[in-house]
Amino acid sequence: MALLSVIVPVYRVEEYLAECLDSILGQSFGDVEVVAVDDASDDGCAEILAGHAAREPRLKVVTLSRNSGLGAARNAGLAAATGRYVWFVDSDDWLPEGTLEAVAARLADTEPDLLVVGYARVYPDGTRRYESLAKVTGGRPMPDTFTLAGQPSMLNVLHIACNKIVRRDFLAETGIGFGPGWYEDVSFSLPLMLAADRIALLDRDCYAYRQRQAGAITQTVSDRHFEVFPHWERVFAFMDEHPAETGSVRPLIFQRMIWHYLSVLGHSHRVPKMRRKEFFTRMAQHYRRYLPPAGYPMPGGAAGLKHRLVGRGAYRLFEALRAVKKGRLDTATRTSQPRAATPELTDGRGLAR
């Protein structure tokens with residue numbers, strides 16, 4: 001049994017796949033297996049996987065007969081994994097050199113159910129922005145292992161799967177896995193943190209999280225952004241099943257849910273314009289349905305005002321506030337830009353091309 005199984009779902013990533021695989025298999029730490037799941041990719045990924053598998057016995061390829069989505073592909077990889085710990089690595093990302101050795105050392109030191117690592121966002125121009133775990137520690141000394149109830153600041157860490165390394169038997173014991181649809185990380189990461197008795201941290205740049213301009217769901221206008229709602233329903237269903245273990249952090253998770261909905265709706269490249277009111281209505285319904293009896297920590301300033309408008313179901317006021325804010329930003333942008341040195345090209349009607 002390998003210490004670590006790295007599960008790599010694969011779909012339409014032929015441009016990035018070899019780099020991802022090489023970044024894992026090429027590291028000096030060798031007690032690792034890679035389970036690549038070909039989610040019926042219709043580009044050249046199958047050939048890349050076959051070539052790597054022929055040279056590298058630690059690579060196992062699972063092929064799905066039809067495209068099933070990221071969550072299902074990860075679940076299929078988990079079913080085929082044999083390592084003591086599992087790590088879900090997206091096939092357009094990569095692991096920096098030395099990562100596996102550092103992860104293995106931290107796992108040996110702490111023997112956690114869940115290890116959360118630092119990561120860096122890597123932008124198309126090559127710049128990196130490290131996402132430190134200081135937002136959890138606040139500069140304070142931390143115990144080697146802890147629970148979410150003991151360190152609720154863990155909720156400030158982005159709820160993604162790729163910065164979390166999980167004991168495989170713990171997943172089997174709890175039955176936690178990935179649900180279908182977009183935003184599948186929500187209903188995986190939060191129950192994971194809620195259920196773990198031993199959470200550990202590794203504040204090191206362990207993961208290169210590629211920020212793609214095309215193809216990312218965060219840059220896609222689609223009705224599929226409504227799929228965020230069932231995932232949060234799964235989170236609250238999990239808490240309802242484990243009230244004693246989750247009650248103390250329920251208000252904070254409620255706050256995080258509303259923050260997430262507002263982030264989705266506030267992004268101009270996600271919810272279609274004609275469905276914004278419907279999305280807001282669903283958000284307000286969840287606000288009323290899941291609001292803790294004793295309330296929750298209300299954010300201050302403009303964020304708190306948005307929360308209150310959601311609680312009241314005041315869509316028109318919400319949109320009016322958004323329009324005012326957008327107008328101010330547009331005005332600030334126009335006044336801060338220098339006058340162009342050359343005339344703007346037009347299409348003959350005075351409209352810019």
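A pocket, as the word is used here, is an open set of grid points with protein on both sides within 12 Å along at least five of seven lines, and its lining residues have an atom within 4 Å of a point. The structure shown is a predicted model.

**Spaces in the model**

The second largest pocket is lined by 14 residues, and those lying nearest its centre are L194, A195, A196, D197 and E245. Two elements, α7 (186–195) and α9 (243–246), each give two or more residues to this lining, and α7 contributes the most, with three residues. The largest cavity is lined by Y119, E131, S132, L133, K135, V157, L158 and N163. The table sets the two spaces side by side.

| Space | Volume | Classes of lining residues |
|---|---|---|
| Second largest pocket | about 170 Å³ | eight nonpolar, four polar, two charged |
| Largest cavity | about 50 Å³ | four nonpolar, two polar, two charged |

In soluble globular proteins, nonpolar side chains tend to be buried together. In this model the largest nonpolar core has 68 residues, and M154, F188, W232, I253, Y261 and F279 are those with the most contacts inside it. Helix α10 (residues 250–266) supplies the largest share of this core, namely eight residues. To return to M154, its contacts, once residues up to four places away in sequence are set aside, are V116, V136, F146, L148, M193, I199 and L201.

Helix α3 (residues 70–80) gives another view of buried residues, for those it holds are G71, A73, R74, A76, G77, L78 and A80. These buried residues of α3 pack against the strands β1 (4–10), β2, β3 (59–63) and β4 (85–88), and also against the helix α6 (168–174).

**Residues in loops**

Is Q27, a residue with a polar side chain, buried or exposed? Q27 sits in the loop between α1 (17–25) and β2 (32–38), and it counts as buried because its relative accessibility is 7%, where the cut-off for buried is under 20%. Apart from neighbours within four places in sequence, Q27 is in contact with L95, P96, E97, G98, T99 and L100. With one of these residues, T99, there is a polar approach, since a polar atom of the Q27 side chain lies 3.2 Å from the backbone nitrogen of T99.

Most residues other than glycine have a negative phi. A40, however, has a positive phi near 55°, and E111 has a positive phi near 45°. A40 lies in the loop between β2 and α2 (45–55), whereas E111 is placed in the loop between α4 (99–110) and β5 (114–122).

Terms used
Residues numbered from 1 in each chain as written. Predicted model: local features only at pLDDT ≥ 70, side-chain atom pairs only at ≥ 80, totals over all residues. Heavy atoms only, no water. Helix = DSSP H or I, 4+ residues; strand = E, 2+ residues; numbered from the N terminus. Buried < 20%, exposed > 50% of the residue type's maximum accessible area, 1.4 Å probe, protein only. Polar contact = N/O pair within 3.5 Å; in protein donor to acceptor, adjacent residues only side chain to side chain. Contact = heavy atoms within 4.5 Å. Core = buried A, V, L, I, M, F, W, Y, C linked by side-chain atoms within 4.5 Å. 1 Å grid on protein atoms, 1.4 Å probe; cavity = no way out; pocket = protein on both sides within 12 Å on 5 of 7 lines; lining within 4 Å. Points joined across faces, edges and corners; volume = space filled by probe spheres on them. Nonpolar A, V, L, I, M, F, W, Y, C, P; charged D, E, K, R; others polar.
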